[in-house]
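Here is a friendly walk through one structure, written for someone who likes to check numbers against coordinates.

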Protein chains: 2
Amino acid sequence: MRISALSTRSGVSVATLKYYLREGLLHPGHATAVNQADYDESHVRRVALVRALLVAGQLRVADVQDVIAAVEAQDVSLHEAFGVAQDALVPERDRSDPAHIEAGHAVDRLVKRHHLDVRPDAASKLLLADALALLTEFGFAAVVEDAATLVEYLVEPALDQARFEVAQVPQDATRGERLAYTVIGTVAFEIAAAAVRRLALEHASAERFGADRS
Amino acid sequence: MRISALSTRSGVSVATLKYYLREGLLHPGHATAVNQADYDESHVRRVALVRALLVAGQLRVADVQDVIAAVEAQDVSLHEAFGVAQDALVPERDRSDPAHIEAGHAVDRLVKRHHLDVRPDAASKLLLADALALLTEFGFAAVVEDAATLVEYLVEPALDQARFEVAQVPQDATRGERLAYTVIGTVAFEIAAAAVRRLALEHASAERFGADRS
């Protein structure tokens with residue numbers, strides 16, 4: 001299909017598609033003439049993945065490029081590529097303060113306690129340390145180690161759910177498609193979980209404070 | 001204390017504090033002389049709240065201003081102010097496409113099924129619709145209603161947890177402090193839940209795909 005048809009199919013403007021091509025987020029079409037190329041279903045799927053990461057996942061272009069590179073790399077396993085994609089989902093920031101370093105140690109101990117098979121430098125650990133540092137700073141826990149205990153109850157349900165989600169990954173799909181599926185699953189279920197949490201908090205706030213005008 | 005002492009106490013540079021003052025994120029100090037003001041513990045707490053929302057919550061300045069306005073408004077109840085703060089946490093985006101509108105209806109039905117006491121226009125509902133639209137688009141569910149069923153299992157555990165978290169809000173604190181506490185709790189536990197989810201997914205991926213080099 002021509003780029004105009006890809007635009008109609010994917011709901012993304014031609015100008016945006018050309019931007020994706022320039023940034024390497026979308027692989028080039030098959031050249032049919034000067035300034036003309038042919039696109040196929042792999043392009044439709046790729047555009048959907050890029051949009052999901054940019055819009056729903058709120059990733060920066062550079063991080064989407066990392067995920068796409070992992071999708072395209074043929075020499076890394078699906079599991080390794082998933083790690084690269086996961087790391088791209090964690091925002092960079094200064095984490096050199098003592099509270100953060102201490103929280104990092106607490107995360108290491110939590111990972112060990114639960115025998116989690118994750119890379120020592122997995123960026124998700126930094127994200128968990130962010131949360132522990134925040135809970136400690138705002139008095140939810142006296143010390144970082146207590147904050148780690150406070151989130152401990154999250155681990156086993158998360159493992160059950162993760163095993164369920166990973167088992168859903170289609171067996172017959174290509175490696176790139178399976179990675180896209182796991183990344184979208186990570187993003188979409190995370191948004192769903194956050195939204196449901198917030199609705200539940202509003203409900204609980206109505207129960208507790210709804211009648212209180214103070 | 002002087003602004004330099006507030007800077008030391010809060011770990012935020014004087015330039016950034018002045019920026020917070022200009023943007024109305026930080027309430028003015030008590031003027032002691034021309035170009036000199038006195039700050040107190042309320043300023044230390046406020047700076048911590050603003051930093052948490054900007055850095056950990058990744059909110060835009062305009063959204064932090066909305067949260068701060070809710071913290072300062074004395075004529076709205078704690079529950080209503082919490083609603084304002086929750087809405088500020090949801091990013092704006094175009095949600096006019098049919099998939100989104102259909103997902104919105106599915107969210108309404110889910111809210112009704114679970115008798116959730118939330119405002120009809122709560123922004124968290126838009127966030128849940130984002131996730132349902134994404135799950136449908138990427139083939140996790142055939143139709144939006146199935147996607148809603150797919151996330152159904154999240155509701156009851158979220159309610160238990162929300163009731164627990166809301167019960168932790170200090171009784172003796174001021175309204176502003178209690179609101180700050182609930183908002184930080186929302187943000188911090190959400191980050192923790194997302195991070196634990198991702199660690200669990202990496203663990204499950206290692207179990208399932210770790211040995212697979214394809």
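How many residues of chain A are in contact with chain B, and how many of chain B with chain A? In this predicted model, 83 residues of chain A are in contact with 83 residues of chain B.

**The interface**

Together, chain A and chain B bury about 8100 Å² between them, and 67% of that area is on carbon and sulfur atoms. Arg198(A), Leu199(A) and Glu202(A) supply 10% of the area that chain A buries against chain B, more than any other three residues.

Polar links are part of the picture too. The interface of chain A and chain B has 19 residue pairs in polar contact, counting pairs with both residues at pLDDT 80 or more. On the side of chain A that touches chain B, the elements giving two or more residues are α3 (41–56), α5 (78–88), α7 (123–137), α9 and α10 of chain A. Of these, α10(A) gives the most, with 29 residues. By class, this side of chain A divides into 49 nonpolar, 15 polar and 19 charged residues.

**Salt bridges**

Side chains of opposite charge can pair when their charged atoms come close. Over all chains, the search finds 28 salt bridges, and the count between chain A and chain B is eight. Two examples from the model are set out here.

| Salt bridge | Distance, N to O |
|---|---|
| Arg197(B) and Glu165(A) | 3.1 Å |
| Glu72(A) and Arg46(A) | 3.1 Å |

What does the pair Glu72(A) and Arg46(A) tie together? Glu72(A) lies in helix α4 (residues 61–72) of chain A and Arg46(A) in helix α3 of chain A, so the pair ties together parts that are 26 residues apart in sequence.

**The cavity**

A search of the whole structure finds one cavity of 30 Å³ or more. The largest cavity has a volume of about 90 Å³. Which residues line the largest cavity? Its lining consists of Glu165(A), Val166(A), Val169(A), Tyr181(A), Thr182(A), Gly185(A), Thr186(A), Phe189(A), Phe140(B) and Leu201(B). The elements that give two or more residues to this lining are α9 (155–167) and α10 (175–209) of chain A, and the largest share, five residues, comes from α10(A). The lining divides into six nonpolar, three polar and one charged residue. Glu165(A) of this lining is also a partner in the salt bridge with Arg197(B).

The elements α3 of chain A and α6 (98–113) and α7 (123–137) of chain B each supply at least two residues of the lining. By class, the lining has eleven nonpolar, four polar and seven charged residues.

**A loop glycine**

Where is Gly29(A) placed? Gly29(A) is in the loop between α2 (14–22) and β1 (30–33) of chain A. Leaving aside residues up to four places away in sequence, Gly29(A) touches Ala37(A), Asp38(A), Tyr39(A) and His43(A). From Gly29(A) to Ala142(A) the separation is 113 residues in sequence and 57 Å in space, C-alpha to C-alpha.

Terms used: Residues are numbered from 1 along each chain as its sequence is written. Chains are lettered from A and ligands numbered from 1 in the order in which they are written. This is a predicted model: local features need pLDDT of at least 70, side-chain atom pairs count only at pLDDT 80 or more; totals for chains, interfaces and linings use all residues. Side-chain values use heavy atoms; hydrogens and water are left out. On a 1 Å grid over the protein atoms alone, a cavity is a set of points where a 1.4 Å probe fits but cannot get out, and a pocket is an open set with protein on both sides within 12 Å along at least five of seven lines; lining residues have an atom within 4 Å of a point. Grid points are joined across faces, edges and corners, and a volume is the space filled by probe spheres set on the points. Helices (H or I, at least four residues) and strands (E, at least two) are DSSP runs, numbered from the N terminus. Ala, Val, Leu, Ile, Met, Phe, Trp, Tyr, Cys and Pro count as nonpolar, Asp, Glu, Lys and Arg as charged, and the others, Gly among them, as polar. Contact means heavy atoms within 4.5 Å. Buried area is the accessible area (1.4 Å probe) that two parts lose on being put together, summed over both. A salt bridge is a side-chain nitrogen of Lys or Arg within 4 Å of a carboxyl oxygen of Asp or Glu. A polar contact is a pair of N or O atoms within 3.5 Å; within protein, one must be able to donate a hydrogen and the other to accept it, and residues adjacent in sequence count only if both atoms are side-chain atoms.
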